[in-house]
Structure formats: C-alpha cells, structure tokens
Amino acid sequence: MVKHSKEDALNEKEFEKLLQSIERIDCDWYRLQTRFVVLMSGRLGMRAGEIAHMDKEWVNYREGMIHIPKQDRCTKGKDGGPCGYCRSLAKSVVKHAVPTKYEAQLNLLEQGNLVHLGIVYQEILSTHKAFVDNLISKEEFDNRIEDALCLGKNNGYNNENEYNKLVNRAQKFIENRNVSLSEALGKYWIPKTDSSARDIPFDFDPRIEIVIEDFFNKVNRYPTSRTTVNRRVDDALEIAGKEKNECSPHGLRATAASYHAGRGLDVVALQSMFGWVQLDTAMKYVKNSGTNTQRALNSVHRK
Ligand SMILES: [Zn+2]
C-alpha cells in the first residue's frame with residue numbers, strides 16, 4: 001500500500017473509491033457540496049481559492065466551459081466585503097508592492113536603463129546591487145555614485161542628468177505601486193497568478209456537468225469560506241476510511257493533473273487547463289505518467 005502525503009495525487013482507483021464514499025453522506029446538501037468540491041479539484045484541477053469564489057456566472061453550459069476570471073468581487077466577509085482569505089492576500093500584496101527607492105532604481109537599471117552610459121552604467125549598477133544587498137553603507141553608496149558620474153566625462157552624455165532621470169523614473173514607479181489596503185481590497189478576489197485566469201472544459205465527463213448543474217441550481221455562488229473547501233475534502237477522506245493527512249485540495253489538484261497526463265493530454269493543454277506559469281510543471285506530470293509513455297510507444301510501433 002502506497003503511503004500518501006497531503007500533497008500527493010491519488011491514483012484512479014483511490015479517487016473513484018473516494019467519490020463512491022461521498023454517496024454515503026446523509027445530508028443532501030453536504031453530499032452535493034462534497035461531491036462538487038472533490039470533482040472540481042480532483043478532475044478539473046481547480047484550486048481551493050478558486051472553488052471557494054466560484055460563481056454561477058463562471059459557468060458556460062453551452063460551451064461546456066468554466067471561465068475563471070482575472071478578477072471578481074468577493075462579498076463573503078461578515079461585513080459583506082472580501083473574506084478573510086482575500087483580505088490576507090490583499091495585505092500581502094500591499095506589503096510587497098512597494099519597493100524602496102534603491103530597489104526600484106536597481107530594478108530599472110537591471111532592465112537596461114542607463115546602459116548607454118557604458119562604464120558609468122556598470123559602476124552605478126554594481127553600487128546599487130551592493131547597497132540593496134546591504135554590503136555597503138549609505139555614505140559609501142553616495143561616494144561611489146558621485147565617483148561613477150565623473151568616470152566617463154567624455155561619453156557624450158551629461159551623466160548627472162541621466163542619473164536624475166533614473167531617480168525620477170524610480171520615484172514614479174514607487175508612486176504607482178503604492179496602493180493602499182482599501183484599494184487593494186477593492187480588487188479582490190484575484191486568482192493566484194495571471195495565468196490562473198483561464199478556461200476549463202468540463203464537458204468531457206457528464207458526471208461533472210451534472211454536479212455543476214445540481215450545485216448551481218441550489219446556490220448562485222459557492223456559499224461558504226475557503227476553509228470549508230478543505231473541510232469538505234476532509235469529510236470525504238474520513239468517510240472513505242482515510243486519514244485527513246492523506247490528501248488535500250492541493251493533492252486533489254495533483255490527482256487531476258496525473259489523471260489527464262495519464263490519459264494523454266499534452267503538456268501545452270495541461271498547462272493551460274491548470275494555469276501553471278511554467279511549462280515545466282506540466283512536463284513533470286507528463287514525464288511521471290507511465291501510461292502516457294505506453295500510449296506513445298504503442299502509437300509509434302503500431303503498423
Ligand atoms: Zn474572498
């Protein structure tokens with residue numbers, strides 16, 4: 001028997017057993033909600049945060065597609081505003097959004113700003129790197145920048161003016177990023193990354209179509225918090241006689257990825273379905289899938 005950890009994928013048989021066990025849940029509504037959560041994560045690979053913010057409007061039955069938007073309004077909080085999950089995301093965005101003046105300048109330099117100043121650029125860049133990495137004092141930083149600007153007197157540019165342009169650009173950059181918490185909160189819900197906004201086909205399995213229809217016949221949006229997604233998965237595990245630490249919404253997402261890779265879905269389609277930033281992640285599932293290799297071998301050698 002394979003020992004699972006929370007992040008691990010279940011194999012097809014284990015997943016089917018999990019689904020079957022859900023049918024033993026007494027309460028109609030919990031049974032439906034649990035079936036919904038387990039299929040959305042374990043077959044469509046949706047993240048817990050996505051499931052918890054799912055809205056009837058995301059579903060297009062005609063196209064057989066779930067559209068995960070770039071942004072949606074979250075009203076799940078007690079006050080009718082964003083839920084705790086969205087709030088903590090918004091807070092962390094505000095915290096990380098604003099770089100220091102020198103980080104912003106370094107960032108612009110690394111993008112190639114001032115590169116036309118040649119050796120002056122090289123010195124300004126390395127001085128910024130050293131200061132941002134906390135290797136030199138502010139005084140040493142100022143001295144080195146002053147020296148650097150005198151370095152290439154004959155390069156055809158007014159080095160000081162050029163450097164001031166960089167400082168101003170960095171200042172603008174910081175102002176634009178300086179979003180207040182309430183502004184940030186107004187934007188939530190937002191999916192994990194830009195590539196998470198995506199279309200997920202669901203009409204390959206009538207069972208999924210049915211559960212989506214049943215669920216959104218009862219409610220217009222997923223009605224409870226992000227943590228209840230975990231709780232529904234825990235319920236399913238418990239009734240299937242498994243330990244809570246044997247799987248999770250994330251483990252079910254991995255279950256979906258392994259399943260589709262095993263059935264021969266190619267890396268590009270896999271990446272777009274799961275909304276991964278890196279193609280490598282999709283590649284990992286395809287590589288680990290023995291069945292996929294077997295299918296490819298068969299098709300190559302079939303006369
Ligand atoms: Zn929310």
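Analyst: Welcome! This is a predicted model, and the protein is divided into domain 1 (12-70 + 206-301) and domain 2 (99-177).

User: Thanks! How many Å separate the centres of domain 1 and domain 2?

Analyst: Taken over C-alpha atoms, the two centres are 49 Å apart.

User: Now a helix, please. Which residues of helix H1 are buried?

Analyst: Start with the general idea. An α-helix has 3.6 residues a turn, so residues three or four places apart point the same way. Now the case here: in helix H1 (residues 12-22), the buried residues are Phe-15, Leu-18 and Ile-22. Looking down the axis of H1, you find these buried residues within an arc of 55 degrees, so they line one face of the helix.

User: And which residues are exposed on the other side of H1?

Analyst: There you will find Lys-13, Glu-16 and Gln-20 exposed.

User: What do the buried residues of H1 pack against?

Analyst: Their partners are three helices: H2 (28-42), H11 (226-239) and H12 (249-262).

User: Let's turn to the strands. In what order do they lie in the open sheet?

Analyst: The open sheet has 3 strands in the order E1-E2-E3, and their pairing is antiparallel. Strand E1 (59-60) and strand E3 (199-201) are the edge strands, each pairing on one side only.

User: How many bridges join strand E2 and E3?

Analyst: Strand E2 (residues 65-67) pairs with E3 over 3 bridges, in the antiparallel sense. To find your place there, look for His-67, which stands opposite Asp-199 in E3.

Terms used. Residues are numbered from 1 along each chain as its sequence is written. This is a predicted model: local features need pLDDT of at least 70, side-chain atom pairs count only at pLDDT 80 or more; totals for chains, interfaces and linings use all residues. Two strands pair if DSSP finds at least two bridges between them. Helices (H or I, at least four residues) and strands (E, at least two) are DSSP runs, numbered from the N terminus. Domain bounds come from an automatic or database domain assignment. A residue is buried if 20 or more other C-beta atoms lie within 10 Å of its own, exposed if 12 or fewer, and partly exposed in between; C-beta atoms are placed from the backbone. The arc is that of the directions from the helix axis to the C-beta atoms. Two residues are in contact if their C-beta atoms, placed from the backbone, lie within 7 Å.
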